[in-house]
Protein chains: 4
Amino acid sequence: MNTTETKDPKSNSTVVDTSDALVTSPDPLHPANLIPELCKGFYHLGWVTGTGGGISIRDNDKVYIAPSGVQKERIQPSHIFVLPYPQPSDVVQRTFLRKPSIPLKESACTPLFWAAFDLRNASACIHTHSQHAVMATLLWGNKEGAEPVFRVSGLEMIKGIRWGGVEGAMSYLDELVVPIIENTPHEEDLRDSMAQAIKDYPKAAAVLVRRHGVYVWGSTWELAKTQAECLDYLFELAVKMRLAGIDTDWRPEA
Amino acid sequence: MNTTETKDPKSNSTVVDTSDALVTSPDPLHPANLIPELCKGFYHLGWVTGTGGGISIRDNDKVYIAPSGVQKERIQPSHIFVLPYPQPSDVVQRTFLRKPSIPLKESACTPLFWAAFDLRNASACIHTHSQHAVMATLLWGNKEGAEPVFRVSGLEMIKGIRWGGVEGAMSYLDELVVPIIENTPHEEDLRDSMAQAIKDYPKAAAVLVRRHGVYVWGSTWELAKTQAECLDYLFELAVKMRLAGIDTDWRPEA
Amino acid sequence: MNTTETKDPKSNSTVVDTSDALVTSPDPLHPANLIPELCKGFYHLGWVTGTGGGISIRDNDKVYIAPSGVQKERIQPSHIFVLPYPQPSDVVQRTFLRKPSIPLKESACTPLFWAAFDLRNASACIHTHSQHAVMATLLWGNKEGAEPVFRVSGLEMIKGIRWGGVEGAMSYLDELVVPIIENTPHEEDLRDSMAQAIKDYPKAAAVLVRRHGVYVWGSTWELAKTQAECLDYLFELAVKMRLAGIDTDWRPEA
Amino acid sequence: MNTTETKDPKSNSTVVDTSDALVTSPDPLHPANLIPELCKGFYHLGWVTGTGGGISIRDNDKVYIAPSGVQKERIQPSHIFVLPYPQPSDVVQRTFLRKPSIPLKESACTPLFWAAFDLRNASACIHTHSQHAVMATLLWGNKEGAEPVFRVSGLEMIKGIRWGGVEGAMSYLDELVVPIIENTPHEEDLRDSMAQAIKDYPKAAAVLVRRHGVYVWGSTWELAKTQAECLDYLFELAVKMRLAGIDTDWRPEA
């Protein structure tokens, strides 16, 4: 089979394309080219070593997703899955427009990426296993009865974050609050608690997963990436500050 | 419009060029080529992640400035703004020789870069969000009544710094003093306090901005860059020393 | 001599090839091309600086091994040794299919790599001198009477490790246990204690060597590499956690 | 002038070549090609930022040296100085075979490199400003009456060091001892104390300079580089160990 048709008129069933047509483009900014390039950069930042983490990009009615369990710095455009958007977020089996011809499974983060697309109208979602994110979840909101959130204020880099990840930019005067959800043995089981955290914290630009990492999104891939960088910088700096005994709750006056 | 003329003889108003003529050169050391290359290097040093920071280069009567809010490791020469020099530093709206044809705004640091050009006759100014600079501002000159400066002495790397950033080299016997100004919600509002710090500390090669980063300049782009490296090294090392309980005020005898 | 024959029919003795035939391939995934490329990556991770560490790949009945005492980021395919597999693991002098034509000695880790091939049926084995691995051996299982193992639980990255390095994936609910053997003056003398540790800890994916580094293997080179990355991440994070006073033995409930 | 002659027969004075003949070679291992490449690598290790540090290579009767005060990651072969070897080490003005045609001064480390060539018969000498080296000089041998040396034992990486930098390899059982000399305002003034330290510690492979960095040499450029890597690893690890309260004097029994 070598076609981009997704409906077989005779059976009305979904026919999945395994050709490279949907993931071949000379444009370096095509999602199928961008995902491998960005993942290579994330690898060198220590965000996606050991096959963990990645990025999904939504281009209007198509979602591009990398395979699970592969070395993220060695992804090829031909490894990318393409899914139609929208589709129900709670389906057991997703519909695909395109699958790689070699045996690969789509990223286990797919339901989590979908929550960001559905609930925030995001166009890109990044998941990292950054140690700075994990350390933040171990030093914040981890005590009996504490609200499960990471908080920091009084740092310039907060201005790089958007309210809810997709609205107007935060100010230097604002406190950054990122909800922390508890990790589960299976990544897809995080879906409900991540969706709940997104609803409970409508102004938050990301969701931390305790002992695991972080999900960050944006209304473009550029904003997802720059917000992931700002948040990682803030997690790292806040952890250093706390370990050095510096107040992380100091807040500038308006 | 596709011209490098900046004055319209009929109206006497300023006509801004949007062609690539002023930013196209086969010379890798042309400011429009250097700025993207240097910013890529700064990105990998952790100085300009998440769109923060950058470098401006003045080539006699022209100033080259990168756009604001973009990924600094992905700047293209065609994104660079060109401004005539000199021009009043306190103007609300600056005069441009060239603007990118795509919708971009010049760096929010422009008034700060200008202060270094005007007050120090610098030919390049670098702004970083380095965590070492931020940590230095949290561990030095931060107590009630303390002089707001970072101080260190007795380290070889001090020899890489020039007095005032543009004069003779400091000696191993000298104490490095860098003033720290308080951060403000809007970057352009730092202009007056930075200008004041430059005047109050005429021998200082840089200005630290609390909870934010540092501005470093030089009489050439090479000296701005090597001084930024020396200062970042000294911020990092002094923070490590202080956290390890090592005296950072030790001073060699002449 | 320029032949790939390994038996001289007249003398029945082994004739070692010094041509480049066995290590020349246009395929970037050929072991003789992969070893140099992977070692360059390991160098930049700080795993194999100063000639230490490396990777050996077994392709069915052939084992590819780098030379000892060379800069690991500068290996050429023509430097690679090829050995037939299987062959007795305790031989004093190994049999070779191919040796470099310049005077080089095979890696001193050869008997250790062999233990992973023989006892775990591994197809690749990585040895690093990572400081995170060394710090883990100094902070875990180092007290009088303590079981000589590194232990950590409650971290997502554990899911990237396979039981025994080659079986099914570990779960987030599982505790990671890596045996630690004592270092010896000569690397080859580690062979017996490493073999014993592999037998005593049949579920362990690696063996740490106190004050030295770690050996990690996998059923493919990809799995050896991704497990080495996951383990290094866990050593680094667990050391950070312990130094920050965070419990590394916390374990999620099923 | 465009000649490689070094003696003017009419005047018997030394004629210095400013052509590129002595520094032009297609061989990537020619010292004039190696020095720029190695310095670029050292820059990314944080050893030579801000123009500090570098490497000099002696090829029998010729010594190749980089300029002083330049960005070490941007050196070109045409910037390299060539000096005849031997020549008196205490001369005020050195003899040159070749100088760059642009105004540059040879590295201020030249007398220090020369000490390693003369007193150890080294063929390469590396100087770094690594923060790990500086921290080692601040945490070891720094107390009133203490012997000014860095000491560590019981770490595998010691095996990568040669006795005196140029003899047989050290064993895992050996203690590494590196003398520390006090820094001086002018780099060339370190010459006498470095020469004295080399004589006083004939088994040492390097000399640390307090609050400054380290000089490491070897009988080849490869051994100078791999020993510099091993030493830097040991400085970094020993500092981490000491700050974590781990004994750095533990010594394995033979």
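Start with chains A and B of this predicted model and show their polar contacts: 14 residue pairs, both partners at pLDDT 80 or more, link chain A and chain B this way.

Next, colour the secondary structure on the chain A side. Helix 1 (31-44) and helix 5 (221-243) of chain A each bring at least two residues to the side that touches chain B. Helix 5 of chain A gives the largest share, eleven residues. Colour that side of chain A by residue class and you will find 14 nonpolar, three polar and eight charged residues.

Now pick out the charged pairs. Two salt bridges cross the interface of chain A and chain B. To see a salt bridge, select Lys225(A) and Glu73(B), whose side chains meet at 2.4 Å, N to O.

Zoom out to the whole interface. Here 25 residues of chain A contact 22 residues of chain B. Between them the two chains bury about 2,100 Å², with 56% of it on carbon and sulfur atoms. Select Glu156(A), Tyr172(A) and Tyr233(A): in chain A these lose the most area to chain B, together 26% of what that side buries.

For contrast, show the other chains. Chain A and chain D do not touch, and their nearest C-alpha atoms are 14 Å apart. Chain B and chain C have no contact either, with their closest C-alpha atoms 14 Å apart.

Last stop: Cys109(A), where an unreviewed UniProt entry places a "binding site". Look for this residue in the loop between strand 3 (81-84) and helix 2 (110-120) of chain A. Is Cys109(A) buried or exposed? Cys109(A) is buried, because its relative accessible area is 4%, under the 20% cut-off.

Key: Residues are numbered from 1 along each chain as its sequence is written. Chains are lettered from A and ligands numbered from 1 in the order in which they are written. This is a predicted model: local features need pLDDT of at least 70, side-chain atom pairs count only at pLDDT 80 or more; totals for chains, interfaces and linings use all residues. Side-chain values use heavy atoms; hydrogens and water are left out. UniProt positions are given in the numbering used here, feature names are shortened, and annotations may be inferred rather than shown by experiment. Helices (H or I, at least four residues) and strands (E, at least two) are DSSP runs, numbered from the N terminus. Buried means under 20% relative accessible area, exposed over 50%, partly exposed in between (1.4 Å probe, protein chains only). Contact means heavy atoms within 4.5 Å. Buried area is the accessible area (1.4 Å probe) that two parts lose on being put together, summed over both. A salt bridge is a side-chain nitrogen of Lys or Arg within 4 Å of a carboxyl oxygen of Asp or Glu. A polar contact is a pair of N or O atoms within 3.5 Å; within protein, one must be able to donate a hydrogen and the other to accept it, and residues adjacent in sequence count only if both atoms are side-chain atoms. Ala, Val, Leu, Ile, Met, Phe, Trp, Tyr, Cys and Pro count as nonpolar, Asp, Glu, Lys and Arg as charged, and the others, Gly among them, as polar.
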